[in-house]
Number of protein chains: 6
Amino acid sequence: MSRRYEELSGPEILDRISPSSTLLLPIGAVEQHGPHLPLAVDHVIAHETATAVVDAVGEDLDIWQLPTLSVSKSNEHAWSPGTLWYSADTMMAILRDLGRAVASTGAERLVLLNGHGGNTTLLNTALRELRLEFGLKTFLVHPSVPPAYGGVSTESELGMGIHGGLNETSVFMHLRPELVDLSKATRKVPEALADNRFVKFGGSVMFGWLSNDFDEDGYIGDPTGATPERGQGLFEANVTHLGDQLAEIVRFDFGR
Amino acid sequence: MSRRYEELSGPEILDRISPSSTLLLPIGAVEQHGPHLPLAVDHVIAHETATAVVDAVGEDLDIWQLPTLSVSKSNEHAWSPGTLWYSADTMMAILRDLGRAVASTGAERLVLLNGHGGNTTLLNTALRELRLEFGLKTFLVHPSVPPAYGGVSTESELGMGIHGGLNETSVFMHLRPELVDLSKATRKVPEALADNRFVKFGGSVMFGWLSNDFDEDGYIGDPTGATPERGQGLFEANVTHLGDQLAEIVRFDFGR
Amino acid sequence: MSRRYEELSGPEILDRISPSSTLLLPIGAVEQHGPHLPLAVDHVIAHETATAVVDAVGEDLDIWQLPTLSVSKSNEHAWSPGTLWYSADTMMAILRDLGRAVASTGAERLVLLNGHGGNTTLLNTALRELRLEFGLKTFLVHPSVPPAYGGVSTESELGMGIHGGLNETSVFMHLRPELVDLSKATRKVPEALADNRFVKFGGSVMFGWLSNDFDEDGYIGDPTGATPERGQGLFEANVTHLGDQLAEIVRFDFGR
Amino acid sequence: MSRRYEELSGPEILDRISPSSTLLLPIGAVEQHGPHLPLAVDHVIAHETATAVVDAVGEDLDIWQLPTLSVSKSNEHAWSPGTLWYSADTMMAILRDLGRAVASTGAERLVLLNGHGGNTTLLNTALRELRLEFGLKTFLVHPSVPPAYGGVSTESELGMGIHGGLNETSVFMHLRPELVDLSKATRKVPEALADNRFVKFGGSVMFGWLSNDFDEDGYIGDPTGATPERGQGLFEANVTHLGDQLAEIVRFDFGR
Amino acid sequence: MSRRYEELSGPEILDRISPSSTLLLPIGAVEQHGPHLPLAVDHVIAHETATAVVDAVGEDLDIWQLPTLSVSKSNEHAWSPGTLWYSADTMMAILRDLGRAVASTGAERLVLLNGHGGNTTLLNTALRELRLEFGLKTFLVHPSVPPAYGGVSTESELGMGIHGGLNETSVFMHLRPELVDLSKATRKVPEALADNRFVKFGGSVMFGWLSNDFDEDGYIGDPTGATPERGQGLFEANVTHLGDQLAEIVRFDFGR
Amino acid sequence: MSRRYEELSGPEILDRISPSSTLLLPIGAVEQHGPHLPLAVDHVIAHETATAVVDAVGEDLDIWQLPTLSVSKSNEHAWSPGTLWYSADTMMAILRDLGRAVASTGAERLVLLNGHGGNTTLLNTALRELRLEFGLKTFLVHPSVPPAYGGVSTESELGMGIHGGLNETSVFMHLRPELVDLSKATRKVPEALADNRFVKFGGSVMFGWLSNDFDEDGYIGDPTGATPERGQGLFEANVTHLGDQLAEIVRFDFGR
């Protein structure tokens, strides 16, 4: 049976959504991903991943899939014509409005499934805002399996395949092979960062960056070896992993 | 060839989008439509109509379809748990952000294809805001053919089949028959309004209303006679009509 | 007896304003109207029309005239030095503040009498905002009688005498003859628009425009034949028509 | 010749307004003034004073009178139904918008003639905002002559006739005798404050207050001895004094 | 015993802060003060004055010292690189947030001790905002003793030693002698203003100014005769005077 | 020589601050930390750590210490009277204003030294905002050494000593021993979280929480074994570690 929130009628919302229900909001982006990938990458991956995981565990865990937010805060790509981006203020306003609406249904849990890394810190801030303002239990998950949970390592990218790199390109090739042109891709790894002890992606010093700070082509990683097979493996592992996360989320309580 | 904006890469935006290009933004809504229809009605109709018209005339008229905005300003249904709605301020912020991004592509024309009547006046205000701030030529169209252009009249609804009524229900039955349960629908026409000379839908006195001002079920019209065949006829006429409108829009200039 | 709201004292507000009272807010503008008319046109017409109609029917219908808002959202004339204009955000903030204050009096009905076309869509949006936030019954009327209700047609202007044209100039000549210099006026009708089927004033495609998009002089219409006599006729018909609208407004209820 | 700004046409603004012109904005209020005075007091006094002073010195000093802002920040009277009030944010937004418009005319000086004491500190803040944002030379004056410049002292009110008291009531009786009902007035002087060394009106400790903090009737002063003759004397002295202030303002420069 | 608010624990706030407690917020600034003084002047003076007065009378009067706000609205010095300044909107937001937090403690009185003249009008506006929104009794004091209360006159500066002048420089020399370089100071008194009857500091016409409107060095006054001894005398008199003001503030009531 | 930014004069800012300078903003908080610690904990730690590290490496690395922001976004403690907290919007406005001012000095690097974990995600978002709006290179560091860099592990707290726990209490005992009352502390570790695979502090599922979600006392960790000696060791290691981070930060470039 359908687990798409918007396929319910108004009266059905009252019947079907209860405090034990969890609402899942996929968040995509429409932003430049280099010459080998279309703007749609994060939009597609967030939507397809959410759909697959809800198909897999939605019925068992009482999860409802909200319509995918296609555009989000992509201002690190604002320099690139074509990128659609909301300002931080607009993005927060959207989340507040959706949080208020979600809270009116009686559901107590809202999960943000975020396909665009540039949103992560703002969404994390929003988790507390929505908890404080609307009393929701709020969670943030991502569609990628970290290596520690079975994700394939990207050591060849020095851990910096963060935008249009090997794994993202592979997953997208699995989902939309016709929209990828690998012949336009080259290796774009900011090697200099690798020598840093602190100021690097995932380092102890966080830093502000725009996607053209490293290279004018605006992607970061080495997609040259991407394959749909690798993408399929990653995608399926991601879906399984998200299912495990959701199983814990729907049981989660603060214990007070 | 694809006319979906987000299927272009960043460099392709520069190649393919030019001052003669027109960008089309479908705007839906996720809001209660009574017990016989799901929340998705406006989202689906806006998206399907946009897709059909871009498939029909996009290549000839150099039109690009932006990702559909699924949620919008549905505050007349805020009383109904389940409705997802942006405040007027959030909605305007979204449009400003998108207008700024669209203007950066070099395209000069932005068309809003609005599937939710509750947005119309705000979007109309936004047309001028975006023209003034970003220099865009801006347009607003709707997916319904007015009777004067071949649309089927709804005299039986006294011209008040405005939300979940005969035509909307029919079009949606054509697009998603499995999501309609006509057995739950009855006639909900605010007959008293019909006697008014001025204060009525489309009358010379505009008035503020919420969808539960007339009836607690929140829909307005008489969907009981809806059929997918009627819906198909309307939908196809709408697409043809929108194609005609777009043909005029892409040629439009102020003549100065 | 006076029907000017501001002539009441604080304690009289409590005595005289009741749920059956209707408050009328005239909204003007101070904006360029071409070389033949002063900036004050919309301000004067809104104020004089409101005064005349309240003098005529205020006592019978329990209507109170609020002080005229002289300046409003005239951003289509922002290019013209001298135009005083509020941004859309400021204008909405003003309306929210006034709506909150009006609701505190116990009156249930607020009528906006709008003399400036550039406000219409924003005011229409505000009708719902004020209804939702403050529970007011809200209405929007305009000082011009449409042809269908006895207004004189402007066929010679191809239906495009919308800013400083024949009728507006005539009405203003009736009200402030000393402020009109018809010798500076010529015909400024954007004839090219007339051939359009959809993209035109009142057409099915709404479009964003600034008043210098058509002509650098910034007025739209043909005022050359304007006379005070014509203006008097229009003004009086307008007042009568508004009285009829108000009579219906004060009786209006949603019927639920 | 007319010195009303709004009686100019757009082209005349360019001809008549120059860097040596000064624009004068009267700012009123529509707020409770006790049982003996109508809401309009500040609106009327600001407007009439501005008109009289512009009639007297406008031509000589190249001053133009902007339309009176009837409503302003009267939130100390928000407790009293009927008071129309803008929030501090709305009021500042209005001033910014007007400042931007005024700066576009080429005039370099903007004078705020403020009839409502509750605005004074916000307007004073705005003087700097408009100077910084738009480069305007900005000034704030009030319609009352302080004792040091010939104003009649209000020692009997212990210097606390600040809202609906002797002088304000007298001036208003001069301007609108038919709107005053002195039979409803009594002495409302917060005597206890007089013993304070610091915390009092005009004392070295400023303090936040609402008009019902002292007395439920919401006026402060002793209007019982008010007369139109006294009012006329005050009004005429005020106009003369304002003329002197304006003469200095139009010559004022920073000397750098 | 400590009277620093932040040295209390959460549970101690509940025990120690009561309706009879008064909270004191010192407000500094970090802004250019000419070549002879560091940016810190207002920050240091506000902080040291507050500390001294709370040490002197805090225990007796049940006063708690909030952490000093080091930066504030210094936009008259925005032209000078190095000045840290909050916009008027940010400053008001800070005050609202602090007011809300202060009101949650149960204390009824909040005193702003403002070390930067550029804040005065905004803070005065905020007194009413916080009273209206949070029910607090709010007060604004300054660290300088006016001549009428024993402050040393600055006749030699024509009453215009308002920023980096004789008294401020002296007080700062008393507090931080090592940070003053008097050899860089000269007389910077805008003599031309002195001839004005109305438009001058403290005159009846308020005017907008930036600190470089008078002189490119951005200070106003004559610090050349400043001495730490004079500063000590002023500082001690200020502290005594503030103690007297606070004694009246903690007893103050509206008498209703 | 002093490395306190505010001890410079305006002209010295121009002389001393150059593109190779780095500005360091310590960010504290004034918020409940349980019954054993005062509100000042984060304020004191951020300030003392910043001072120590600037004393150690400021001269060598051309670093300038900005005045400490004492209050920040502590809304997870809004439930506890006494906590001073800025909303997310206010906090972002403060950072934008400071970023704009910092950029005006000519310095290219701004480092946020954040003492309050509740700010981390918002500050991380701000890094990009300030980079995009003002072109600054922006960095975020924290005063605690992570275990991987020599910090003492808190295995006994199951990795959850995040607010008022062993290490924070120890460091604060080192800095302000007189303000700690360990007799009021007990073990407050949310043991149930430890069994979670994903939803836990530092887990792969981020979640929204308030500090009273786990326990009404509002602290999280086990401070019972805290000692000043442990605190001294941690503090000194932190300062050394921050010095190393800053050394890398001042050399950091994007390499493009």
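Trainee: In which loop of chain B is Asp62(B) found?
Mentor: Keep in mind that this is a predicted model. Asp62(B) is not a glycine, yet its phi is positive, near 55°. Its place is the loop between α2 (41-61) and β2 (63-65) of chain B.

Trainee: Is Asp62(B) buried, exposed or partly exposed?
Mentor: Count its C-beta neighbours inside 10 Å: there are 17. A buried residue needs 20 or more, and an exposed one has 12 or fewer. So Asp62(B) counts as partly exposed.

Trainee: What is the phi of Asp62(D)?
Mentor: Asp62(D) is in the loop between α2 (41-61) and β2 (63-65) of chain D. With 17 C-beta neighbours inside 10 Å, Asp62(D) counts as partly exposed. Asp62(D) is not a glycine, but its phi is positive, about 60°.

Trainee: Now chain A. In what pattern do its helices and strands follow each other?
Mentor: Chain A has seven helices and five strands. Read along the sequence, the pattern is α-β-α-β-α-β-α-β-α-α-β-α.

Trainee: Why is chain A called as compact as a globular protein of its length?
Mentor: Its C-alpha atoms fill a box of roughly 55 × 35 × 35 Å along the principal axes. For 256 residues the globule rule gives 18 Å. Chain A is as compact as a globular protein of that length because its radius of gyration is close to that value, at 18 Å.

Trainee: What share of the residues in chain A is buried?
Mentor: Look at the contacts too. Among those between residues at least 6 apart in sequence, 78% join residues at least 24 apart. Of the 256 residues in chain A, the buried share is 62%.

Trainee: What span should helix α3 of chain A have?
Mentor: Helix α3 of chain A covers residues 88-103, which is 16 residues. Its end C-alpha atoms are 22 Å apart.

Trainee: What covers the buried residues of α3(C)?
Mentor: Helix α3(C) has 16 residues and reaches 22 Å from its first C-alpha to its last. Among its buried residues are Thr90(C), Ile94(C), Asp97(C) and Leu98(C). The cover includes α4 (120-134) of chain B, then β1 (22-27), β3 (109-114) and α4 (120-134) of chain C, and α3 (88-103) of chain D.

Trainee: Which element of chain F gives the most residues to the side that touches chain A?
Mentor: The contact takes 43 residues from chain F and 42 residues from chain A. By class, the chain F side has 24 nonpolar, ten polar and nine charged residues. With ten residues, the element that gives the most is α4(F).

Trainee: Which residue of β5(F) is the bridge partner of Phe139(A)?
Mentor: Strand β4 of chain A, residues 137-141, pairs with β5(F). The sense is antiparallel, over two bridges. The partner of Phe139(A) is Phe207(F).

Trainee: Which C-alpha of chain F is nearest the axis that relates chain F to chain A?
Mentor: A rotation of 180° with 0.0 Å of shift along its axis superposes chain F on chain A, at an RMSD of 0.0 Å. The two copies are thus related as by a two-fold rotation axis. At 2.4 Å from the axis, the nearest C-alpha in chain F is that of Thr121(F).

Trainee: Which strands are at the edges of the five-strand sheet that includes β2(B)?
Mentor: This open sheet has mixed pairing and the order β2(B)-β1(B)-β3(B)-β4(B)-β5(C). Inside it, β3 and β4 of chain B pair in the parallel sense over five bridges. Each edge strand pairs on one side only: β2 of chain B and β5 (206-207) of chain C.

Trainee: How far apart are the closest C-alpha atoms of chain B and chain D?
Mentor: No contact joins these two chains. Chain B and chain F do not touch either. For chain B and chain D, the closest C-alpha atoms lie 15 Å apart.

Definitions and conventions
Residues are numbered from 1 along each chain as its sequence is written. Chains are lettered from A and ligands numbered from 1 in the order in which they are written. This is a predicted model: local features need pLDDT of at least 70, side-chain atom pairs count only at pLDDT 80 or more; totals for chains, interfaces and linings use all residues. Two residues are in contact if their C-beta atoms, placed from the backbone, lie within 7 Å. Helices (H or I, at least four residues) and strands (E, at least two) are DSSP runs, numbered from the N terminus. Ala, Val, Leu, Ile, Met, Phe, Trp, Tyr, Cys and Pro count as nonpolar, Asp, Glu, Lys and Arg as charged, and the others, Gly among them, as polar. Two strands pair if DSSP finds at least two bridges between them. The radius of gyration is taken over C-alpha atoms; the globule rule is 2.2 Å times the number of residues to the power 0.38. The expected span of a helix is 1.5 Å times one less than its number of residues. Copies are superposed by least squares on the C-alpha atoms of residues with pLDDT of at least 70 in both.
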